[in-house]
Amino acid sequence: MKKLLFSMAFALMISFISRAAGPYSAGDIASDFSLKNVKGEMISLSQFANAKGFIVVFSCNTCPVAKKYEQRIMDLDKKFSGKGYPVIAINSNDKVVSPGDSYDEMQKLAKSKGYSFQYLYDESQEIAKRYGATNTPHVYLLSKVEGNLKVEYVGAIDNNADDPANADKKYVEDAVNALLKNQQIAVQSTKAIGCTIKWKRA
Amino acid sequence: MRKLFQIQFILLIAFLSVLNSSGQKIEYIKVPDLEKILKNTDNRLFVLNLWATWCAPCVKELPYFEKVAKEYDPGKVKFILVSLDFPSQIKNQLIPFLKKNKISIDVAIMTDLDYNSWIEKVDPDWQGNIPATLIFNNSRKQHVFYPGELDEKELRNMINKYLL
């Protein structure tokens, strides 16, 4: 009995540790958050009862690489939100270091492009730090597993930032399709060139 | 279409090497070329700065690299600016930028966009964020990777530390 209690306590402790600590890799349990969207509403992943998972993208207004991926991010939402995997975009850039990434500017961009997905403001940069995001864009594909948010894939959207037509490895699309078919994800993590997240200056 | 771009690239290089009388090398590189640089065994300190004209903090620190590079004997400290500018921006953005800012350091334009295939060759811990600076001398087993911005003083201090 004592052994069982001990191992349960240990398991519980481990689950808290892996949930709390970033940076997240595939297999980790991610934490939820409560961030303001461009409409002024507070959004948490727990609000999406019907979702099977989430395509969390750390992005921003200003980074030229993020701009090159903007249409592809919009396309991912169009393709997968109806299948249970909506895009959740998060801007963690500091508005003092990068004025073009202020909340006002986020609202303007989302409206002008007609974003179909949530665009959230991580003002304290806590979520970027917790997830371990370093550049934009940076994707964390999550799936709901037994009440937890399991990290399934971390990294780039595809292997050609410059020219979508020449991207022959579509990492996020392939990963979501694999999840939808209950198959193993072939590539669970990648790295890509991007703009550093604009961290607050001391 | 791709062949046309290749021809344009070759012509651009030829054009640049004719124009450039200062001895500065501006060349396109692919992964094998990058690997060759990274495996160099000369007893020389290499300073590789990874940057792009579209990256504001990269552009801000570039003049520091240009200034500090002039303070060292190129036989002892070799600077290379590895540009990650996109192919469509080389002629109308990168080249004018180099001219306007009087950058004389050698530039290696990394054309392989399959980033995941080579990022870790630069350093296993690099997440792909730029600017980033790699300082190494393989013959002395020195390898230090610095992701993020460097100011003039920090850059000089790092170089001096590894020249000792």
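Modeller: Residue B:L81 is found in strand β3 (residues 77-83) of chain B; helices (H or I, at least four residues) and strands (E, at least two) are DSSP runs, numbered from the N terminus. This is a predicted model, in which local features need pLDDT of at least 70 and side-chain atom pairs count only at pLDDT 80 or more, while totals for chains, interfaces and linings use all residues. Residues are numbered from 1 along each chain as its sequence is written, and chains are lettered from A and ligands numbered from 1 in the order in which they are written.

Colleague: Is B:L81 buried or exposed?

Modeller: A residue is buried if 20 or more other C-beta atoms, placed from the backbone, lie within 10 Å of its own, exposed if 12 or fewer, and partly exposed in between. B:L81 is buried, because 22 other C-beta atoms lie within 10 Å.

Colleague: How many residues does the contact take from chain B and from chain A?

Modeller: Two residues are in contact if their C-beta atoms, placed from the backbone, lie within 7 Å. Chain B gives 18 residues and chain A gives 15 residues. On chain B, α5 (119-122) and β5 (129-130) each supply at least two residues of the side that touches chain A.

Colleague: In which sense do β10 of chain A and β5(B) pair?

Modeller: Strands of a sheet pair through backbone hydrogen bonds, either parallel or antiparallel. Two strands pair if DSSP finds at least two bridges between them. Strand β10 (residues 194-196) of chain A pairs with β5(B) in the parallel sense over two bridges, and A:C195 stands opposite B:I130. β7(A) and β10(A) pair in the antiparallel sense.
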